[in-house]
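Subject: Structure for you to look at

Hello,

Here is the structure I promised to pass on. Please open it and keep it beside you while you read my notes.

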Amino acid sequence: MVRARIALVLGLALGSVLGLGAAPLAAQAAPRVGYKVEGTCDGWPRLPIDTAAGMCAGLVLGPVPGAFADRQLRLPRTLVQLDGQTWLVADLADWTRPRGVIWKLTAAPGQTVQLQPLLTGLSLPHGLAIGPDGLAYVGEMSRIFRFDPRAPDPAATVQDVITGLPDNKLHDNRHPLSQFVFAADGALLVNVGAPSDQCLDANGARVGTDRCDQSEGQEATAGIRRYARLAPGRWEPTFTMLARGLRNSVALAVHPSGTVLQAENSYDFDDRWSPFEEVNRIEAGRHYGWPYCQDLTTPTPGWAGAMDCASAAHTPPAALLPPHVAPLAMTWYQAAMFPGLKGKLLMSWHGYRSTGGRLVAFAVDAQGVPLTRSKATYPTYPSGSRPFGAGPAAQAQVLTPGWGRAEGVRPQGTPVGITVAADGAIWVADDKNASIIRFAVDRP
């Protein structure tokens, strides 16, 4: 019964509802591994993801073995809820060509899932939020725009909000995604990722002399820009640098207290266990160390001596995270479905190494900052854990202890966007597996 419904969702519905036509064969993504489904999770097909006690994972949309493969939803990155059954999904779709889509997804348990493209031909859409004016805001390559997803013709309502963001290119420039949040004072805070891993050229020489041009130059990369609010729906066209020395701030969040948190994707060193990722409390005017410092006070090999990493010139992280987990989204849980998560910080770990592929939660202080502890550990696949051996480190509550690859059962999870639905369920975009997953209470 469940398999039949999934086949219907992924085959008949997508073929008739989307109306986009098939992509050229050369442009299609590699076949998805897909999740095996069996039973139900709060009314949705149950996925074989080992979860925390009292929780289960349900498949909203995505490929499964033996069913028609979804060729439309390709790289879902972020999602927001419009109403009880309606969602927006930002689908990056293609890293090299402007094929991104903003989808309208209509989903309810026991019913055929509907996908409708609202905007197409976008360039690397990632950031997605409902603004204070009720419109949808999208972070696309080089700009942030807004539109009315409820309009008869949403494309006709598109308006630029912020333009002139660096038009980065993948591989030439490693962090092209536009992420943003609305600050407590209404300002738009925008991520501009570093255009390299370590600010070194192909020969390992510094890009700059005494300081890194990419971090300190007028282009103002490797940091967070602040665009001041002028009036409802209007922001200054020019920016100030809120913070510098941040390699990639795709994970940004604003706590009800006003605290701005950033989860850092740190350097891509070959070492499996170094460096640690970070959680940073963002304060105006601070420098958070990229590319001069790693972890707490350790200089990076290519920039030793450029900054005293133990001095006030470097703002150390509020908490260390496991190495190479690639945190891509976070939000505080304020709903009722999971009382044990109330107030905690949810975070997605997208990384492909043995530490990644997890949904986690952290206990926080009154400002929403993760609490640290001595002797903290972090999990690794296929099993086990390792001590941080350094502090301050945050101890994660792992909500998906079994989301590693299991042949014939599930792929390794690649969670990106997290949204807490009105009913308290946690919806996650699993991008490389082209899936939307709903984590809910495991009801008897």
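Which residues of the largest nonpolar core touch the most other members? They are Leu105, Leu341, Trp403, Ile426, Trp427, Ile436 and Phe439, in a core of 48 residues. Keep in mind that this is a predicted model.

Start with the core. Several strands supply at least two residues each: β3 (55-61), β5 (86-91), β6 (100-106), β27 (358-362), β34 (426-430) and β35 (435-441). The largest share, 6 residues, comes from β3. In soluble globular proteins, nonpolar side chains tend to be buried together.

Now pick out isoleucine 426. Leave aside residues up to four places away in sequence, and its contacts include Met55, Tyr333, Phe338, Leu341, Leu346 and Leu359. Ile418, Thr419, Ile437, Arg438 and Phe439 also touch isoleucine 426.

Next, the aromatic rings. The count comes to 15 aromatic pairs. Why is the pair of tryptophan 87 and tryptophan 427 called stacked? The ring centres are 4.0 Å apart and the planes are at 20 degrees, so the pair is stacked; the cut-off for that is under 30 degrees. Tryptophan 87 is in strand β5 and tryptophan 427 in strand β34, 340 residues apart, so this pair links distant parts of the chain. Tryptophan 87 counts as buried, at 1% relative accessibility. Tryptophan 427 counts as buried too, at 4%.

Tyrosine 137 and tryptophan 235 form an edge-to-face pair. Their centres are 6.0 Å apart, with 85 degrees between the planes. Tyrosine 137 lies in strand β9 (residues 136-140) and tryptophan 235 in strand β16 (residues 234-235), so the pair ties together parts that are 98 residues apart in sequence. Tyrosine 137 is buried, at 0% relative accessibility. Tryptophan 235 is buried as well, with a relative accessible area of 8%. Tyr137 and Trp235 form one aromatic cluster with Phe180 and Phe182.

Last, the cavities. There are 3 cavities of 30 Å³ or more. What lines the second largest cavity? The lining is Gly245, Arg247, Glu264, Ser266, Tyr267, Glu278, Tyr288, Gly289, Trp290 and Cys293. These residues divide into 4 nonpolar, 3 polar and 3 charged.

Best wishes

Methods: Residues are numbered from 1 along each chain as its sequence is written. This is a predicted model: local features need pLDDT of at least 70, side-chain atom pairs count only at pLDDT 80 or more; totals for chains, interfaces and linings use all residues. Side-chain values use heavy atoms; hydrogens and water are left out. A nonpolar core is a set of buried Ala, Val, Leu, Ile, Met, Phe, Trp, Tyr and Cys residues joined through side-chain atoms within 4.5 Å. Buried means under 20% relative accessible area, exposed over 50%, partly exposed in between (1.4 Å probe, protein chains only). Helices (H or I, at least four residues) and strands (E, at least two) are DSSP runs, numbered from the N terminus. Contact means heavy atoms within 4.5 Å. On a 1 Å grid over the protein atoms alone, a cavity is a set of points where a 1.4 Å probe fits but cannot get out, and a pocket is an open set with protein on both sides within 12 Å along at least five of seven lines; lining residues have an atom within 4 Å of a point. Grid points are joined across faces, edges and corners, and a volume is the space filled by probe spheres set on the points. Ala, Val, Leu, Ile, Met, Phe, Trp, Tyr, Cys and Pro count as nonpolar, Asp, Glu, Lys and Arg as charged, and the others, Gly among them, as polar. Rings of Phe, Tyr and Trp (its six-membered ring) pair if their centres lie within 6.5 Å; planes under 30 degrees apart count as stacked, over 60 as edge-to-face and the rest as tilted.
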